[in-house]
Amino acid sequence: MPDSAPVVTLDNVTVTYGKQAALRDVTAAFSGGAVGLLGPNGAGKSTMLKSLLGFLVPDQGRMRVLGLDVATSPQEIRARIGYMPESDSHIPGMNAVSFVGYCGELAGLPKVDAMQRAHEVLFYVGLGEARYRNVETYSTGMKQRIKLAQALVHDPDLLFLDEPTNGMDPKGRDEMLELARDLAHNKGVNLILSSHLLPDVEYVCDAVVVMDKGRIAAAGPIDAMKQARGRVYELRVKTVAPLEQFISRLQSSGIECQATEEDVMRVFVPGDGGARQLFAMASAAGVQVRHLRPSVQTLEDVFAKAVGEQ
Amino acid sequence: MSPIHDQGYRRYAGERAPHGRAWLVIASAGIRTFITKRVFLGLLLLSWFQFLGRVAQIYFTVTTPQWPALLAASADSYRQFLDVQSVFVFFITVYVGSGLIANDRRANALQIYLSKPLTRSEYILGKFAILMAFLLLITWVEGLLLLLIQTLLAGSFKFVIDNLYLFPAITLVSFIQTTMAAAAMLALSSLSNSARYVAILYAALIFFSQALFNVLRFVTGGSTVAWISFSANLEQISRLIFRQPLVYETPWIVSFLMIAALIVVSGWVLERRVRGVEIVS
């Protein structure tokens, strides 16, 4: 596994599109290994990746990738990173092996080496049998794989994967995640996985940076974030008064509630109060507790807390 | 999770080219793509027909004393040669150039290119080199080859010595003609995702400017507005360089400035449009 020294750092970075700020004074550090960049649509994830690639110039702030300053060494950085864009991208009129080999040459590999690696990475991503087909005839899932292949051909030290499972069927999605996990954990490639899908990030990554509305909402190792002080419970209650009254009562006491199924909610009780506190509050409100089960905090809970979703 | 197909990913420990050569990769790949197309090869072949005719003209001028003086190859024949070749410059520019950037835009390829260690200038230079290679082949290379053949057939250097300016003149006019066409076409290609639309736009630019000039010439009864037409500007400059009398009343410096302005504006458009990310405000 790659070392955990920061591979990407951002210091007070602000990026705006016209008057709209996409990144607001962001300060963050991405450790080595696999780091998830998590956030709802429009949170600023893709903007951050594009800024790190040098596509967007920040209004303020400083960014470093693999120890190099993005403002002064963009080419040196891009020689060492691979980028898998979110949208369908290919070079028109080429078959897969020509396309990937061409990308290798663009990244500075000699022609023969580029072609050899093109064959290798196409087999690695599962396109070995289809490598002589024109990329324009590929299915959505195959197009995702070819984007990964072009990002890998020059053997980058750091991979930016922008929504890599978009449009893939369940089997293809599993395979894509397995590839990302294998690269990060067995092949020594650092990666930043940008996604709004929590299971994807949780499966592949060791750490996560949660973004919301252009700011960093939370960051850290996933395991540590899931062990935040407090307990999570599944709770079902019976109440004569409207349920919302009880929920607002819990919230005013600092307990976070998240609806799951029809009448079951997940509640996060901070501190050491635990079930005792919940029973006491239910009793005080005249609410009958029908079901209370301790639960494990998931990344979804962390995410919901970070972005303030109920 | 399902098993993945192959875990055979290896780290690469081989050599990497220094930065600044990616434009050569783009140019050579682009040239290879076009020379495998039959239609394009046919077009290239057609562009050599005039050359063969001129070779025959030179042959008869040199070997047949009775050959009419009116048909004899002269220094001005080279200007006329380049003038006629502008037809093929137009067709090759449209065929090769219209999709050079437009197709990349359609396929979102710009973010692939610019995520590699190359600058936007290198990308543009690579695309520019593809078009220039073909255009110079049918103007500059053919023109110089014609001069060489004339010298060889004559068996003396007299014609070349008497017209020493021909070599720089052919070079200069060829480069002005091709740079103007390539720059304008690339700029238009960067404005759209459709190669077909770009081709129509380029043709409209050339023909409309000429048509407008002809209308104004008819209305005003003079040719001082020749600067409107890109073809007229090129002819004006070409005549100046080949030491021929100018045919339009527009001062040559105005024609030169118009050509320079077209190239500068094209560069500005390319600088604005060739980016890894498109910002829609």
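A salt bridge, as I use the term today, is a side-chain nitrogen of Lys or Arg within 4 Å of a carboxyl oxygen of Asp or Glu. By that criterion Arg239(B) forms a salt bridge with Glu235(B), and the closest N and O atoms of the pair are 3.4 Å apart.

Before I go on, some conventions. This is a predicted model, in which local features need pLDDT of at least 70 and side-chain atom pairs count only at pLDDT 80 or more, while totals for chains, interfaces and linings use all residues. Residues are numbered from 1 along each chain as its sequence is written, chains are lettered from A and ligands numbered from 1 in the order in which they are written, and side-chain values use heavy atoms, with hydrogens and water left out.

Let me set the two chains next to each other. Chain A contains 11 helices and 14 strands, where helices (H or I, at least four residues) and strands (E, at least two) are DSSP runs numbered from the N terminus. Chain B, by contrast, has 12 helices and 0 strands. The C-alpha trace of chain A spans about 75 × 45 × 35 Å along its principal axes, and that of chain B about 90 × 50 × 30 Å.

On burial, 55% of the 310 residues of chain A count as buried, and for chain B the figure is 48% of 281 residues; buried means under 20% relative accessible area, exposed over 50%, and partly exposed in between, with a 1.4 Å probe and protein chains only.

Turning to charge, chain A has 32 positive and 37 negative side chains, with the centres of the two sets 4 Å apart, while chain B has 22 positive and 12 negative ones, with centres 7 Å apart. In this count Lys and Arg are positive and Asp and Glu negative, with His and the chain ends not counted, and the place of a charge is NZ of Lys, CZ of Arg, CG of Asp or CD of Glu.

Side chains of opposite charge can pair when their charged atoms come close. Over all chains, a search of the whole structure finds 21 salt bridges. Which side chain does Asp155(A) meet in a salt bridge at 2.6 Å, N to O? The partner is Arg11(B), and the pair joins two chains, because Asp155(A) lies in the loop between α5 (140–152) and β7 (158–162) of chain A and Arg11(B) in the segment before α1 (22–35) of chain B. Asp155(A) is buried, at 5% relative accessibility, whereas Arg11(B) is partly exposed at 35%. The two belong to a network of salt bridges that also links Arg80(A) and Asp157(A).

Within chain A, Lys187(A) and Asp182(A) form a salt bridge with closest N and O atoms 2.9 Å apart, and both residues are buried. As for the pair I opened with, Arg239(B) and Glu235(B) are separated by about one helical turn, because they are 4 residues apart in helix α11 (residues 230–241) of chain B; Arg239(B) is buried, with a relative accessible area of 13%.

Further along chain B, in the loop between α11 and α12, Arg243(B) also has a positive phi, of about 60°, without being a glycine, and this residue is exposed at 61% relative accessible area.

Finally, Leu240(B), Leu246(B), Trp252(B), Ile253(B), Phe256(B) and Leu257(B) make a nonpolar surface patch of about 520 Å². Patches are made of residues with over 30% relative accessible area and no salt bridge, like charges being joined within 9 Å and nonpolar side chains (Val, Leu, Ile, Met, Phe, Trp, Tyr) within 5 Å. Helix α12 (residues 252–273) of chain B gives the largest share of this patch, 4 residues. Phe256(B), which is found in that helix, counts as partly exposed at 40% relative accessibility.

Note on methods. Areas by Shrake-Rupley, 256 points an atom, 1.4 Å probe, with all protein chains shown as cover.
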